[in-house]
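Reader: I'd like to go through the salt bridges and a helix contact in this model. Can you take me through them?

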Amino acid sequence: MTIDDDQLDRSFAALADPVRRAMIARLSRGPATVNELAEPFPITKQAVSRHIQVLETAGLITRTRDGQRRPCHLVPAALEALTSWIDEYRLETERRFRRMDALLTSVKEQEQ
Amino acid sequence: MSETTINIPAGTPFVEVTREFDATPAQLFRIMSDRDLVAQWLGPRDLDATVEEYDVRTGGRYRYIHRDESGEYAFRGVFHTVEPDKMVIQTFEWEGAPGEVCIEKMTLEPTEKGVRLHQQSVFPSVEARDQSVEYGMESGIHDSMARLAELLAKES
């Protein structure tokens, strides 16, 4: 999966809000309707819908139709793309250290 | 497995990395100072690294070149202070951005398990640091994409 800059911008912007992060946390436990998502917040239903739209545009959630209900679902792959982007610097450093581990093993064998 | 901790505090020109190795300080120092061994682990990629010079002693110099499909990247610096098996202070400069010199201090400390490598880098500016970190991320992403592509080619 390629992570383009626009996607990263939209995703990080979407997560730069406590209400939307709480929604993501709620959805990580399973799908939820707009009403269920709105419940913990003292904000209008309109504002909730706007937050959901931001998350949907960022590709972090999707909405399906289930009869009259339109539950929201988390897109785990989109979140993984974000964490892997954050982790890349660490991984690159870790890769170098693993090469050093392997080299140290052969250095130790030579010494014996 | 040893854990790598990396500190990149926002708004500062610092990067701090700590990692423990299952080896003696002398063994770790050896792979950090033997030119042929250095060539085998020096990042950002393990392929096509040419170590021209790697003279790890106070006043010594180093220069190495990475090559990939997008071109050549040369890095150079001097070893300001070297205390074998204990500490190295060196400069680091990518020749593509001359004058943006980073100072790195590495200490090797014996632990119960082996040896702890602690590396502190000070970049000339917050911008230079962020750019360098971002480049590390990008090359990491390219690297993993390339590996993934290789893997997929094998599987199919």
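This is a predicted model: local features need pLDDT of at least 70, side-chain atom pairs count only at pLDDT 80 or more; totals for chains, interfaces and linings use all residues.

Author: Residues are numbered from 1 along each chain as its sequence is written, chains are lettered from A and ligands numbered from 1 in the order in which they are written, and side-chain values use heavy atoms, with hydrogens and water left out.

Reader: At what angle do helix 2 and helix 4 of chain A pack?

Author: Helices here are DSSP runs (H or I, at least four residues), and strands are E runs of at least two, both numbered from the N terminus. Axes are lines fitted to C-alpha atoms, for helices over the stretch in contact, and angles run from 0 to 180 degrees between N-to-C directions. For helix 2 (residues 18-27) and helix 4 (residues 45-57) of chain A, the axes are 10 Å apart and the angle is about 70 degrees.

Reader: Which class does that put the pair in?

Author: The classes are roughly parallel (under 35 degrees), roughly antiparallel (over 145), roughly perpendicular (65 to 115) and oblique for the rest. So helix 2 of chain A sits against helix 4 of chain A roughly perpendicular.

Reader: Which salt bridge partner does Arg19(B) have in chain A?

Author: A salt bridge means a side-chain nitrogen of Lys or Arg within 4 Å of a carboxyl oxygen of Asp or Glu. The pair crosses between chains, running from strand 2 (residues 14-21) of chain B to helix 5 (residues 76-111) of chain A. With the closest N and O atoms 2.8 Å apart, the partner of Arg19(B) is Asp101(A).

Reader: Is Arg19(B) buried or exposed?

Author: The cut-offs are relative accessible areas: buried is under 20%, exposed over 50%, partly exposed in between (1.4 Å probe, protein chains only). Asp101(A) is partly exposed at 25%. Arg19(B) has a relative accessible area of 1%, so Arg19(B) is buried.

Reader: How many residues apart in sequence are the parts that Arg63(B) and Glu52(B) tie together?

Author: Their side chains meet in a salt bridge, 2.8 Å from N to O. Arg63(B) is in strand 4 (residues 61-68) of chain B and Glu52(B) in strand 3 (residues 49-54) of chain B, so the parts tied together are apart by 11 residues.

Reader: And how many salt bridges are there over all chains?

Author: One of them joins Glu53(B) and Arg61(B) at 3.7 Å, N to O. Over all chains, the count is 12.
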